[in-house]
Amino acid sequence: MYPNPSPTLLRLVTASAVLLLAGCEIPGLGPDPRIAQREAEAKAIGGACRHALRGLEDCYTLNPKAAKASVFAGWKDMDGYMRENKIEGTPSVLGKMDKPERGERTSDIETEPRDAATGRSRS
């Protein structure tokens with residue numbers, strides 16, 4: 001029915017098919033974009049920690065879900081960048097905020113009725 005194709009023709013067709021498919025992005029075969037996004041976020045976290053003058057261990061503790069390798073890579077990249085350009089870090093204000101002082105213990109719940117005119121308890 002059909003004549004047998006020559007081996008040279010088969011090789012040519014196979015090679016051209018491989019070359020054509022090599023330039024295509026087939027869905028599902030590339031890296032997952034969510035993984036790439038998490039990696040980039042972890043790298044940004046590491047860079048931000050270095051700029052905020054935080055150590056790596058503090059950065060790992062504050063961001064337990066971030067991949068440690070990516071956090072370190074971001075921290076290291078930012079360290080090199082800051083040293084090259086002689087940039088001073090900005091100290092973090094996290095944890096250094098003063099708690100407001102409490103004078104008298106006042107509660108929002110009134111336990112005794114007050115006189116509207118004087119504001120004092122009726123008892």
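Predicted model: local features only at pLDDT ≥ 70, side-chain atom pairs only at ≥ 80, totals over all residues.
The largest nonpolar core has eight residues. Its members are Ala 42, Cys 49, Leu 56, Cys 59, Tyr 60, Ala 66, Val 71 and Trp 75. Three helices each supply at least two residues of this core: H2 (33-51), H3 (56-62) and H4 (68-84). The most comes from H3, which gives three residues.

Tyr 60 belongs to this core. Its neighbours within four places in sequence are left aside here. Beyond them, Tyr 60 is in contact with Lys 68, Val 71 and Phe 72.

Helix H2 was examined next. H2 has 19 residues. From its first C-alpha to its last, H2 reaches 27 Å. That span is close to the 27 Å expected at 1.5 Å a residue.

Five positions of H2 are buried: Ala 42, Gly 46, Gly 47, Cys 49 and Arg 50. These residues cover an arc of only 160° around the axis, so they lie on the same side of H2. The face turned away from the buried side carries Pro 33 and Arg 34, which are exposed.

The end of the helix was also considered. Just after H2, Leu 53 takes a positive phi of about 60°.

Terms used
Residues numbered from 1 in each chain as written. Heavy atoms only, no water. Core = buried A, V, L, I, M, F, W, Y, C linked by side-chain atoms within 4.5 Å. Buried < 20%, exposed > 50% of the residue type's maximum accessible area, 1.4 Å probe, protein only. Helix = DSSP H or I, 4+ residues; strand = E, 2+ residues; numbered from the N terminus. Contact = heavy atoms within 4.5 Å. Expected span 1.5 Å × (residues − 1). Arc of directions from axis to C-beta.
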